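Colleague: Could you take me through one part of this model up close? I would like to follow a single residue and then look at what lies around it.

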Amino acid sequence: MKNFKYLVLLMFFVASFVFQANKASAVEFEFYYQKIVEVKTINEDIESDDSLWTKFKKTVKKGVNAVKRTWEDVVTRNLALGEGEKTWYSKEDHNLAYKVERVKVSTEAELLAAMGVKSEDELNNGQKAMLEVFRNSQNEAIQAEAKIGYLPKVHVILSDTTGYDDSSKYPNVRKDFWPYSSGLTINLSTNCYNYPNSAEDAVSTLVHEFAHSLDMTFKEMKNPYGLDGSHYGNEITGKRAAFVEAWAEYNEMIASEKEAQSILNNTKVLCEESKDVAGSYTTNIKEEDATADQLQRSEAHLAKLLYLISTDPEIENGKDKVYKAFTSTRWNVLRTMPTLIKKFVKQNPEDTEAVCRIVDEVFLGKLSEEEFYKYVGKNKTTQAYWENRGKETEEENKDIDASKIKNQEIEDNVSSGTTVIIETDNNDPFAE
Ligand SMILES: [Zn+2]
């Protein structure tokens with residue numbers, strides 16, 4: 001169903017916007033505020049002692065609601081948001097739907113009025129975060145992103161779950177209103193930000209979701225994030241899913257040093273979901289123990305790759321160049337990270353060596369020669385890098401060996417030959 005949904009969405013994209021894609025102005029946001037006013041049970045489970053007629057009625061109702069849910073998800077949320085009382089169908093529990101009051105907001109005053117307050121002092125943490133999202137929706141990072149958008153307009157829904165945040169009473173609210181971007185529509189919710197000083201995180205999420213709205217890449221058709229359908233910042237997922245998330249995270253990184261640090265930290269220890277049991281994870285996979293294949297499916301590593309390229313002192317205007325490589329590979333809807341990096345190198349041959357060095361660093365020197373050329377292309381410069389790289393590593397190892405021997409000698413002297421010497425030099429990133 002998900003794949004069908006994305007195909008339908010793509011058709012809408014193409015039909016509605018392809019002829020407007022070259023317009024000069026940047027993408028604009030259209031803000032909506034919605035609050036939950038009721039949780040409704042829309043289907044009843046079929047009981048064994050139900051009469052045939054009751055069973056039939058319940059089955060028909062389920063079918064009708066399934067159609068309505070898909071319509072609401074695919075069409076209404078993207079193309080016909082509208083105002084007033086609306087239904088937001090639960091994806092977590094198909095027997096549930098939320099009644100929401102939705103209103104379009106263009107000014108802060110309208111947003112505060114919709115939230116039912118006169119002053120922002122009356123807002124709770126989650127609502128404050130939504131107000132800050134609205135206020136910062138034209139910040140530098142968003143404007144930079146907007147310039148490379150292809151849609152003329154993106155809807156942003158600020159969902160207010162106040163009153164429905166008790167997970168023991170409303171266990172699905174968190175996931176049903178979880179931040180997402182469908183391309184045309186971004187949803188954020190107070191539920192994720194009901195802690196003090198959460199505004200910065202919420203604004204960062206807008207940067208992240210907006211980055212998804214700039215991207216046409218199709219994730220893997222089957223379980224891009226694994227069986228549980230969700231992902232962690234340090235998760236090993238499908239290659240295209242990892243690319244999609246890395247792109248969004250990279251945009252957060254260049255907008256906020258705090259985010260950059262937190263995403264870099266995510267590269268240290270990874271996790272991977274079982275292919276058989278949903279939600280069952282192998283955790284604690286240290287990056288030095290991960291395989292080249294796993295590292296290339298780690299969204300944090302791919303985000304780091306883009307981040308290092310865009311901030312490397314040897315690469316001039318790295319950010320602009322990354323954006324250019326991104327936009328010029330946009331129509332390749334099956335792209336992965338090598339697609340973008342290879343384009344980057346092609347567009348900026350002067351940066352080839354620096355990119356080779358960064359690719360090598362991010363993947364801890366674990367890529368095979370063939371994998372390496374997938375990122376940087378095969379030409380004289382990249383071949384020379386690959387060949388010298390081997391030699392440099394040997395030289396470095398010689399240096400390390402020499403220093404180990406030196407340390408050993410020193411310890412030998414100190415220990416007067418009675419202690420077993422244990423090598424403690426663990427600075428080599430290629431060490432097992
Ligand atoms: Zn994302």
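This is a predicted model: local features need pLDDT of at least 70, side-chain atom pairs count only at pLDDT 80 or more; totals for chains, interfaces and linings use all residues.

Modeller: Happy to! Thr-382 belongs to helix H16, which covers residues 380–415. Setting aside residues up to four places away in sequence, Thr-382 touches Thr-352, Cys-356, Tyr-373, Val-376 and Gly-377. Phe-372 sits 10 residues from Thr-382 along the chain, and their C-alpha atoms are 9.0 Å apart.

Helix H15 (residues 369–376) packs against helix H13 (residues 337–347) at an angle of about 60°, and their axes are 6 Å apart. On the H13 side the contact uses Pro-338, Ile-341, Lys-342 and Val-345, while H15 brings Lys-374, Tyr-375 and Val-376. Sorted by type, the residues of this contact are 5 nonpolar, 2 charged and no polar.

Now to the loop between helix H14 (352–362) and H15, where you will find Leu-364. Leu-364 is not a glycine, yet its phi is positive, at about 50°. Leu-364 counts as partly exposed because 16 other C-beta atoms lie within 10 Å.

Another residue with a positive phi that is not glycine is Asn-223, with a value near 45°. Asn-223 lies in the loop between helix H7 (199–213) and strand S7 (235–236). With 17 C-beta neighbours inside 10 Å, Asn-223 is partly exposed.

Terms used:
Residues are numbered from 1 along each chain as its sequence is written. Helices (H or I, at least four residues) and strands (E, at least two) are DSSP runs, numbered from the N terminus. Two residues are in contact if their C-beta atoms, placed from the backbone, lie within 7 Å. Axes are lines fitted to C-alpha atoms, for helices over the stretch in contact, and angles run from 0 to 180 degrees between N-to-C directions. Ala, Val, Leu, Ile, Met, Phe, Trp, Tyr, Cys and Pro count as nonpolar, Asp, Glu, Lys and Arg as charged, and the others, Gly among them, as polar. A residue is buried if 20 or more other C-beta atoms lie within 10 Å of its own, exposed if 12 or fewer, and partly exposed in between; C-beta atoms are placed from the backbone.
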